[in-house]
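Biologist: I'm new to this one, so could you walk me through the aromatic rings? Please show me the structure to begin with.

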Amino acid sequence: MLTRLRATAAVAVVAGLLGPVGAAGAAPEEDILDQLKRIPGLTVLSEGPPPTPDHRYFVLGYTQPVDHRQPHGATFQQRFQLVHKSADRPMILHTTGYNLYPTSFRSEPTQLVDGNQISVEHRFFPPSQPEPANWDNLTVWQAATDHHRLVAALKPLYPKKWLSSGASKGGMASIYHSRFYPLDVDGVVAYVAPNDHINDEDSAYDRFFATVGTDACRAALADLQVEAFKRRPELVALLTEYAAKYGWTYDKIVGSVDKAFEKSAMMLGWAFWQYFGQTECGKVPATSVTTEQIYEYINATVNFGSFADQNLGQMTPYYFHAMTELGWPQPQFAHLRGYLKYPDSSTVYSNVPGELHRPHRPGPMLDMDQWVRTQSQRILFINGQNDPWGAERFTPSQHDSHSYTAPGATHGARISSSPAATASRRPTLCGAGPTSGSSQRASSPRSTRTSWTSFERRFRSDPSLLVGAFLPRPESTHEAVFLALGGVSQDKQSVTTRRNVVTNI
C-alpha cells in the first residue's frame with residue numbers, strides 16, 4: 001500500500017504532528033534496540049534492511065491476551081514491524097487488517113510526516129494466531145484492544161503526535177480502534193474503507209455497477225462474462241488442468257472446480273473496477289476470442305487460484321470476520337442470473353470452512369456507523385471514485401472530519417498523485433471552502449480544483465496558516481504537513497496476495 005508520491009493539486013491538512021526540535025547539548029539518545037528490549041511483553045524477533053538509510057527496521061512480537069476480557073488468561077504473540085526514525089518524530093500506527101508485509105516499507109502518511117511507523121499483523125492471521133484458536137475472539141473490539149495495548153507500550157518511547165492509518169480492511173481497523181480508544185491517536189487517515197453497516201441492503205453496489213465507467217466498458221465486461229458462462233465446460237476443463245499443474249484443490253472450502261469457476265467468472269467485473277479501471281477498458285477481450293484467451297484474461301483479473309483451498313485457507317480470518325461482524329457485499333449480478341448454479345456463490349459463507357459458520361451479528365457495524373457519523377473526531381477518509389468498495393462508505397461527522405473522493409481512482413486510491421479530488425466536506429482552511437454539509441455525493445471537480453488551487457497557493461506562501469486545521473495546534477508552527485489528495489495504488493502487497501481478497505464474496 002504505498003510508493004509513487006507526486007506533489008500535485010488539491011490539499012488537505014495534517015498539521016501539528018511535528019513538535020520542537022530537541023535542546024542543544026542533550027545527552028546521546030540510548031540505542032533504540034536496547035530501549036525496545038526493556039518493554040515488558042515485547043520480543044525483538046529480528047532487525048533487517050530498513051526502507052531508507054535514515055531508518056532502522058525491526059520485526060517484533062508482543063504478548064497479547066487471547067481474550068482481553070480475561071487479561072490474565074491465555075496469551076498469544078502478535079507480530080508487528082517498527083520502522084524507526086527518531087523519538088522526536090511523529091508515529092504512524094499502520095493497521096494492516098491482514099498479515100504483515102514481507103519487507104520493510106513506509107506507508108504514505110509515514111512518508112509525508114517523515115516519521116516512525118509500527119505496522120501490526122491483525123489477530124488470527126498466522127502466525128499471530130492463538131493456539132488453539134477460539135474464533136469467537138476475533139471481533140472488532142478484541143482487535144482494537146490489541147492496538148490499544150501496543151500504543152500504551154510504545155508511547156513512552158515515542159511521545160510526539162500519533163496518527164493511525166490503513167487501507168481497505170486496514171482502514172476499517174484504524175476507525176474501529178478509534179471508536180473504542182479515541183484518545184490513543186491524534187487523528188486517523190482511512191483509505192478506501194468500506195462501511196457495510198446494513199448487511200442485507202446492498203442496492204448501492206447494483207447502482208455502482210450500473211453507472212461506473214462508460215457504457216461501452218460495462219457492456220464489454222458483461223458480454224465477456226456471459227460468453228465465459230456459455231463456454232463453461234471448456235473453461236472448467238482448462239481450470240482443472242491448471243489446478244493439477246499448480247497444486248490447487250477446491251474440495252475443502254468452495255467444494256468443486258466448477259463452483260470455483262462460477263465464483264471467478266461472476267467476480268470479473270468487480271475485480272476489474274477494483275484494480276484496473278476505465279483506462280484498461282480497451283484490453284477487455286471480444287467475445288470472439290479463443291477459450292484460452294478468455295481463461296487467461298479472467299485469471300489475470302480475478303485469479304482462479306484465489307478460491308483454491310490453499311489460498312482461501314490463508315484468508316479464513318478475513319472471511320470469518322466478514323461473516324460475523326464486518327458484513328459483505330452481495331450485488332444481484334442480474335445479467336448472470338440464468339447461468340449461476342450455486343445459490344451461495346455470492347455469499348461469504350462459501351469462502352468459510354463449514355465448521356466455522358456463524359450467524360451474522362449486525363450490532364457492531366450499526367454502532368460503528370452511528371459513532372462515525374455523530375461522535376468521531378479528526379478522521380480523514382480517502383475514497384476512489386471507481387472503487388466498488390466505495391459504493392458503501394463512511395459519512396464523516398461534523399467534528400473536524402472530512403471525506404475525499406479521488407476522481408477515476410480504484411481501490412488503490414491514495415492521497416498523492418491526482419490532479420484533483422472531490423470533497424464531501426471541505427475544511428475551512430484559509431477561506432478554501434465551507435464546512436457545512438455532509439453529503440457523500442462529490443462536489444464538482446471543476447469548482448473543487450479552483451478552490452484547492454487557491455488554497456495550495458496560500459499554503460505555500462505561509463504554511464503556518466494551516467496549523468490546527470486537522471489536528472490540535474502544535475507547540476511550534478514552523479512546520480506543517482499537508483496531504484495532497486489523489487488516487488494511485490497504496491497497496492504494497494503482491495498482486496497474488498491482493499487478488500486473494502478480490503472481494504469478500
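Modeller: This is a predicted model, and a search of the whole structure finds 20 aromatic pairs.

Biologist: Why is the pair of Phe 124 and Trp 135 called tilted?

Modeller: Their ring centres are 5.1 Å apart, and a pair needs centres within 6.5 Å. The planes stand at 50°; under 30 degrees would be stacked and over 60 edge-to-face, so tilted is what's left.

Biologist: What does that pair tie together?

Modeller: Both Phe 124 and Trp 135 lie in the loop between strand 6 and helix 3, so the pair links parts that are eleven residues apart in sequence.

Biologist: How do you know whether Phe 124 and Trp 135 are buried or exposed?

Modeller: Buried means under 20% relative accessible area. Phe 124 has 0% and Trp 135 has 12%, so by that cut-off both count as buried.

Biologist: And what makes Tyr 205 and Trp 270 a tilted pair?

Modeller: Their centres are 5.6 Å apart, with 35° between the planes. That angle falls between the 30 and 60 degree limits, so tilted again. Tyr 205 lies in helix 5 and Trp 270 in helix 9, so this pair ties together parts 65 residues apart in sequence. Tyr 205 is buried at 1%, and Trp 270 is buried at 1% too.

Biologist: Where does the charged end of Lys 169 sit?

Modeller: Over the ring of Tyr 98, 5.4 Å from its centre.

How values were computed:
Residues numbered from 1 in each chain as written. Predicted model: local features only at pLDDT ≥ 70, side-chain atom pairs only at ≥ 80, totals over all residues. Heavy atoms only, no water. Phe/Tyr/Trp six-rings, centres within 6.5 Å; stacked < 30°, edge-to-face > 60°. Helix = DSSP H or I, 4+ residues; strand = E, 2+ residues; numbered from the N terminus. Buried < 20%, exposed > 50% of the residue type's maximum accessible area, 1.4 Å probe, protein only. Lys NZ or Arg CZ within 6 Å of the ring centre and 35° of its normal.
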